[in-house]
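Please view the model alongside the text.

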Amino acid sequence: MPPTNDELIARARTEPAPLLPLLHRLHERDGYLSEEALRAVAKGLRIPIADLFGTVTFYHHFSRQEGGHAAPRVCTGPVCSLHGAHALLEGLDGATPMPCSGRCDEPIPVLRGNKTFVSVDGGALEQRSTPLPPPAPDGVAECVFKHIRDPDRKTLSGYRAGGGYQALARALESLTPESLIEIVDESGLTGRGGAGFPTGRKWRAVRDADGERKTVVCNADEGEPGCFKDRALMDHDPHAVLEGMALACVATGAEHAFLYLRYEYPETEHLLKTAIAEAESAGILGADASGSRKAIHIHLRRGAGAYICGEETSLLNSLEGKHPFPRDRPPYPVTHGYEGTPTAVNNVETLASIPPIVRNGADWYRALGLGEHAGTKVISLSGDIARPGNYEVPLGLPLSTLLNEWAGGPRSGRSIQAVTMAGLSGGFLADDDLDVTLDEPSIRAKGSFLGAGGIMVFDDTRDMVEVAHMAMEFFAEESCGKCFPCRIGTQRLTERLSTGGGPATLEAWLDEVNDLNRTMKETSACGLGQAAPLITESLLRYFPDGVASHVARTG
Amino acid sequence: MTSDSNPRTIVLDGETVAFERGETLFEIAQRHRRDVPSLCYDDRLDPFGGCRLCIVQLEGARKPVASCTTKAEPGMRVTTHNATLDMHRRVILEMVASENRDVDVDELSGYASQEMSTLLDRYDARSGRFDGAHSGTSRPDDGNPFILRDYDNCISCYRCVRVCAEQEGDYAISVMNRGFDTQITTEFGGFLEDSSCTFCGQCVQTCPTGALGDIKALRAKDVPEPVEKTRSVCPYCGVGCAVDILSKGDKVVGIQPAMDGPANEGALCVKGQFAFDFVHHPDRLKTPFVRNDHGQLVPASWDEALDKAAAGLLEAVNEHGRHSLYAVASGRAPNEAGYLMQKFVRAGLGTSYIDNCSRA
């Protein structure tokens, strides 16, 4: 007998951040979200029904049609589109497109119910586990990937065999929260989700903020197209992420931590659930974590398909069951985060870096980078490249070394025309600007940024205007609708990059696009609307001839 | 006043001005008549930061900031108008103009209905640039008699949704979908009548584009005379909501809540907002009526009518005792009239059977 509405709602009332898990249970039980179920949720959790309805429609994957949960959804992200995603979509009965679902190293993922299938080279669909990172070149030291290829690493015993949970034990037994924060400070670790804020400083701000109750959130809503590093970390080294979260709790004084996972990683959810249960039954997590008399509880929460929920304040609204618009800042989450508590929101890679830093010391981590740059960064590399995958590079590594030496260069007989930076959010780099090193100062000097570390490669066979069109379509689809410049601007730029939109003369076309770029960058309320115009800006910078012939063709 | 004598000051366009704790830059700029534009702002609601028209330049900040969501801090140096800010404002307004069917709506649509078109003219933003898809979907199928849902003119400022939640506490409407596909919706996309809407009309009055319109007032759209506004007090219950009566010639054509009404601050209920047709209704009573010997109602003077009523009351008391009477005071009467009524019933008629229609 499947559980009744009343049973599910009664259970939800005992949980923190109950709305999303409750909606997922109903979605899975019924195969869609019926009006009757939503009315029961509204009543049970005391949410106005119009608000609940509006919020449900915000998420891509909550289906309001019978059978919607089981219907196939095909990734039509930039890389999958290059590999024939649209043909696959047309050939699959009842299939609908979904934005980049974070498996660009092994296209094309198809989601059916709670299972991910892969259609390799347009062939039959098969279930496959997330690819492991390719081995690092000889002599290159890694941080988060150092043990990821060890056998049984995803189990508790396998994790412990590589020194796992020693950092947490040390922090609880012999470190003060302040000295733990100091180690992180000195390591030079900054946020690996893209914003690059110093992690130690964030933790100290939370620790010092007014209010007894603190919260830790692991941002695993890896929605940036071309980024799939967090998936690899969570799938192959889940305990490292949990240990990092537990250390964040120790440092900030939080007793509750949430891991907010993107919808498109159902197998990851299962693995994380198993890992959390293992750590709880071993007494590492729980009311008396590792015998410290401190409580550390980790709660897993699954998103429902919304890129903007990777933005930390949207994520917090989503966790709280509110409409996931970004919040106005200040106040920042470090003082007013989850339910108003001081909250540390950290990316998966950032948190996974913490245990090795605590074990090996701040100096060890700093020295992993080249020159003045501290530490490493995982780059998700995909597109027209011989060996796509996740590479943990020392910060400061030349991009060309990664592309040509580590990843085998472009396909044979081809050359690299352009790459994206920060997934899509950093726009394109091309021509001489490919001569950068992988670190923020070098890439920012070219008007882009490294961000979460997604790099998609496009060789000389690709139409870059079409690539830019796909990119802008993504931003328009994912714009939340809160602020005018982004809501309207992403739509207008998409129209101008598609066939038959915008002014007929190049002069008028450029005039409009430049104005849209500038005003969106300067006045949008959050990173989405500020970053989207980097696509058009860099397209105009590197490919003015392509733009001119696009306007001549479509105008 | 200088920053030396009072640390709670900012420099606004070169002028040192004082501020209250918690005040936003927008509030300060408004107080000093800087005329910073906005489309998502309603001073009764929490600042939203959506339209981005109220951007100002803050010294030391990389980008302009939305003044409505930025709280003043001592020593801030703020510029409200310069060529860059005005260029961004114009581009945003050109974008807004491009998503709508048309921008000129009748002023009878609602209190704030001219805000967008006024700003478009002020910033010369009717350029036709950024032409493309339109964003809203009107609901002509919603046949309610009060609120026009003409979302073809919606600009997604969410003032309607916010006023419904924050002022009326109704939560009848919300935001559906996202990005350019955003729509204002009720639960499950149904009609207002089937939602928790009370038809108070506050969404209509705060809408800056006329996407929500006052259907009853718009009946007089084609009447040629100009609209006149007369400040008055709502004739219904005793709360005393201030209203502006809209008239054309000698006809009342609509009601708008007074945003500065001390009792209502822009709020009305469905009766005060929409139920004014009695004014010019042919069935409206203009004199007292009494029944003649044949039982027919005929017009009478007030003296005749009061005599008749008094005689009737006395007859009932004499025949059935004083407790055979029961009086209900009208909720439309103010406290003073309610007091007189109970005095009349208790001391005059000698019974305690007195009640009020709000309770009865």
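## A helix pair in chain A

Helix α11 (residues 229-236) of chain A packs against helix α13 (residues 266-281) of chain A at an angle of about 40°, and their axes lie 9 Å apart. Axes are lines fitted to C-alpha atoms, for helices over the stretch in contact; angles run from 0 to 180 degrees between N-to-C directions. Helices (H or I, at least four residues) and strands (E, at least two) are DSSP runs, numbered from the N terminus. The crossing of α11(A) and α13(A) is left-handed; that is, the near helix is turned anticlockwise from the far one by less than a right angle.

From α11(A), A:R231, A:M234 and A:D235 meet A:T268, A:L271 and A:L272 of α13(A). Contact requires C-beta atoms, placed from the backbone, within 7 Å. This contact has three nonpolar, one polar and two charged residues. Ala, Val, Leu, Ile, Met, Phe, Trp, Tyr, Cys and Pro count as nonpolar, Asp, Glu, Lys and Arg as charged, and the others, Gly among them, as polar.

## Basis of the model

The model is predicted: local features need pLDDT of at least 70, side-chain atom pairs count only at pLDDT 80 or more, and totals for chains, interfaces and linings use all residues. Residues are numbered from 1 along each chain as its sequence is written, while chains are lettered from A and ligands numbered from 1 in the order in which they are written.

## A buried helix

Helix α22 (residues 527-542) of chain A has 16 residues. From first C-alpha to last it reaches 23 Å, close to the 22 Å expected at 1.5 Å a residue. Twelve of the 16 residues of α22(A) are buried, so the helix is largely enclosed by the rest of the structure. Buried means 20 or more other C-beta atoms within 10 Å of the residue's own. Among the buried residues are A:L528, A:P533, A:E537 and A:Y542. The buried residues of α22(A) pack against elements of chain A including β12 (416-420), α19 (464-478) and α23 (544-554).

## Domains of chain A

Chain A is divided into domain 1 (5-58), domain 2 (73-126), domain 3 (156-366), domain 4 (376-459) and domain 5 (464-554). The bounds come from an automatic or database domain assignment. The C-alpha centres of domains 2 and 3 of chain A are 30 Å apart. In their contact, 14 residues of domain 2 of chain A touch twelve residues of domain 3 of chain A. On the domain 2 side, α5 (78-82) and β4 (115-119) of chain A each supply at least two residues.

Conventions
Two residues are in contact if their C-beta atoms, placed from the backbone, lie within 7 Å. The expected span of a helix is 1.5 Å times one less than its number of residues.
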